[in-house]
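Thanks for coming. I will take a few minutes on one chain and how its parts meet.

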Amino acid sequence: MATRAYNFFAGPAVLPLSVVKETADAILDFENLGVSVMEVSHRSKEFDRVMGEAQSDLLDLMGLSADEYSAMFLQGGASTQFAMIPMNFLSENQTADYINTGTWAKKAIKEAKLFGKVNIAGTSEDANFTYLPKDLSLTEDAAYVHITSNNTIFGTQWKTFPDTGDVPLVCDMSSDILSRRLDFSKFDLIYAGAQKNLGPSGVTIVVLRKKWLEVAKDNIPTMLKYQTHVDKGSMFNTPPCIATFVSGRVLKWIKAEGGLEPIEERNNRKAKMIYDLIDAYPEFYRGTVRDKNDRSLMNITFNLPSEGLEAKFVAEAKARNMLGLKGHRSVGGIRASVYNACPMEAVEALTKFMEDFYRANKAGS
Ligand SMILES: *Cc1c(COP(=O)(O)O)cnc(C)c1O
């Protein structure tokens, strides 16, 4: 096997090496069936177990009961959830509250407007999303409140969530799902494209409080109705089998690591190493997030004194086997994504490189 690169891509992103190996094995032979996991019926008992365990492991890690919540493994990406949520839960005469904290929140807002009224309960667009808006103007009888827990492009992350009382709370956790302990029972719907922190692309995780379905709309296409997938256990039609398999293995990996507490502790340590370096040379490494308390543990965004130095940084990092450090095309700069499966050694290599790069280039800045 070729040397594994230090992977800082924002998504699709790093997976645990053990999971990559298990997947390689299952691609050659799944459960001694003499066929790969890509070649077996989703109705087989072997695959049924994969789906069932993925659902129960996910709820287990979130501390949620299967009586109250349904865990789904769907297709269409988080982007389809942007539309599916208002399609199921927002009527023309109702208002949903959205907190606008960046590119992905804006895309969610755009879809919601197709179905009902949208109140922007808070926004940081005035400062190009460099902070999280804390003063929210929530609608008393909103259909729901939508929040993005981690803003993958702008590098901000909510540490606490608004208390919405009886109003359902919906959260896009695409880029930090299962990265830390949270009271997941505060949420009525959690969704995430798997390809950042939980698996490969092609599968989307939805965790839904089943009771909310009592007020869901009914006149919508079968495939876009949550009730369909709850009733059929994500097997109404052919699910994304291999993506679900890999995500299921990642869930087992998290459990084997000891659950969310050690994962969170390691994520804190990794992020701190990089932020400490940024803060040690603030004239050179310029963190893009205004309020330090809003900084993401998953996507660490910063600028260098010039675009020329940023390009040089990315190129020299690549020569040291570090991939994916270029910031999102919409904002530029540097972004280091350090998801759950990003090992400590990768962060050590990056901070060592950042130190060396600073010493070699500070004079010219
Ligand atoms: C990547 C991302 C999305 C989009 O996910 P897709 O699965 O590609 O549709 C949505 N929200 C957030 C926070 C993301 O990081």
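Into which domains is the chain divided? There are two entries to look at: domain 1 covers 17–256 and domain 2 covers 259–364, with bounds from an automatic or database domain assignment. This is a predicted model, in which local features need pLDDT of at least 70, side-chain atom pairs count only at pLDDT 80 or more, and totals for chains, interfaces and linings use all residues. Residues are numbered from 1 along each chain as its sequence is written, and side-chain values use heavy atoms, with hydrogens and water left out.

Taken over C-alpha atoms, the centres of domain 1 and domain 2 are 27 Å apart. Domain 1 brings 26 residues to the contact and domain 2 brings 27, where contact means heavy atoms within 4.5 Å.

Now the area. About 2,300 Å² is buried between domain 1 and domain 2, and carbon and sulfur atoms give 52% of that. Buried area here is the accessible area (1.4 Å probe) that two parts lose on being put together, summed over both. On the domain 1 side, I153, R181 and W253 lose the most area to domain 2, together 23% of what that side buries.

R181 comes up again: its side chain meets that of E261 in a salt bridge, at 3.9 Å from N to O. The rule asks for a side-chain nitrogen of Lys or Arg within 4 Å of a carboxyl oxygen of Asp or Glu, and across this interface it finds three salt bridges.
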